[in-house]
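Q: I am new to this structure and would like to learn how to read its features. Please take them one at a time, general idea before case.

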Amino acid sequence: MFVSFFPRPKIFFISAIVWAALAMTLWYSYANELYGSSAPVVGVSTFWSVRSLWFDLYFWAFVGIFTAFWMWFSPHRWALWSIPGSALILFATYFQVQVSVAINTWYGPFYDLLQAALSKSKPVTVEQIYGEFSTFAGIALVAVTVGVLTRFFVSHYIFRWRTAMNDFYIAHWPRLRTIEGASQRVQEDTMRFATITEGLGVNFISAILTLIAFLPVLLRLSSIITELPIVGAIPYPLVIAAIVWSIFGTGLLALIGIKLPGIEFFNQRVEAAYRKELVLGEDDPARADPMTLNELFVHIRKNYFWFYLNYLYFNVGRIVYLQTDVIFPYILLAPTIVAGKLTLGPLQQILNAFTQVRNSFQILINSWTTIVDLLSVYKRLRGFEAMIAGAPLPDIEHVKEPAGI
């Protein structure tokens, strides 16, 4: 799964983490203050300010050094896609986070302008409001352009990864063809693995970058929040509340959804057996008779009904938590709102920053269904790789059906 696309994956990913940590340490301890002011800039000009351009140059300089080292240390057929390609996706993810920061900065003057107009506390013209719309449109235009180009590149990136896995498995096809659902694992699971891994990886990195970007914003904006309901006055109240609430939700859903990856694995296996019989029946009249197909479909029905039952209580916990999550920040801010300590602009900035931080901590909650799918695909491809290495197949390959059916 990884050897086919990345050079010496274990060493590569460890070195990438270490190199990224070094780059971040140097940036926040020294390089960050070399060029440009740290004061927030409202509008699209934030993307080509001196500070932003300096970061872009700094980022790609570190990527260039890292890529050059690996091209020399361990040449690989797919290195130009797997190293600078991954870096480009990482950079695009960072840019999307900066778009969110730019919009959050725009919230302050825009909502304060609306409040002034509604309360008639000062004169506000239609031109001023349209001017704020124009500022937002500039940010959105840049975001849309970069987003479209990024998705185009990511599509090619994923297909290259699938191609690398496909070539790797086809080279070992004489040994792999005997394993259950071999054709599906090569034709479908490779694409699903590359797609899901890229998506989850981007979401995970985005969550980290969002925390880095919005935690200071939330700390600054929440300075006027002196206490929370029930618990009273605590330091950094909104940050602590976001962390505790997210950990609670993540732990709850991980506990009640622990069986789902295994069940999804069995679903894919019975589906593969049914599909294989149908394919064989296209060329051989003796195969795919109604009795055999009915028997295979009974296994599909049993697995899916068990899957639906497990998802029933998982969805109860997930939906209850997410519905409560909608009003959670308002519950926290209720005493401050009633006391009249917030205007509309700062309130919207706090709500947006709190939501960004909270969603970053809830990455497992928001991605749990996708994680279940990825773990199922991973289990299937691990069986392939065990066959290639001549190692025993994973235990799950020998189990006929999940416990509980």
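A: Take the salt bridge: a side-chain nitrogen of Lys or Arg within 4 Å of a carboxyl oxygen of Asp or Glu. This is a predicted model, in which local features need pLDDT of at least 70 and side-chain atom pairs count only at pLDDT 80 or more, while totals for chains, interfaces and linings use all residues. Residues are numbered from 1 along each chain as its sequence is written, and side-chain values use heavy atoms, with hydrogens and water left out.

Q: Which side chains meet in a salt bridge here?

A: Arg77 and Asp167 do, at 3.2 Å from N to O. By the rule, the count is one salt bridge.

Q: Which parts does the pair tie together?

A: Helices are DSSP runs (H or I, at least four residues), numbered from the N terminus. Arg77 is in the loop between helix 2 (50-73) and helix 3 (79-82), and Asp167 is in helix 5 (residues 126-171), so the pair links parts 90 residues apart in sequence.

Q: How do helix 2 and helix 4 cross?

A: Axes are lines fitted to C-alpha atoms, for helices over the stretch in contact, and angles run from 0 to 180 degrees between N-to-C directions. Angles under 35 degrees count as roughly parallel, over 145 as roughly antiparallel, 65 to 115 as roughly perpendicular and the rest as oblique. The axes of helix 2 and helix 4 (residues 84-119) come within 10 Å and cross at roughly 160 degrees. The two helices are therefore roughly antiparallel.

Q: What about helix 1 and helix 2?

A: The axes of helix 1 (residues 9-29) and helix 2 come within 11 Å, crossing at roughly 150 degrees. This pair is therefore roughly antiparallel. Among the contacting residues are Trp19 and Trp27 of helix 1 and Trp54 and Trp70 of helix 2.

Q: Where is Thr336 found, and what is it in contact with?

A: Thr336 belongs to helix 10 (residues 290-338) and is buried, with a relative accessible area of 4%. Beyond its neighbours within four places in sequence, Thr336 contacts Ile224, Ile225, Lys341 and Leu342.

Conventions
Contact means heavy atoms within 4.5 Å. Buried means under 20% relative accessible area, exposed over 50%, partly exposed in between (1.4 Å probe, protein chains only).
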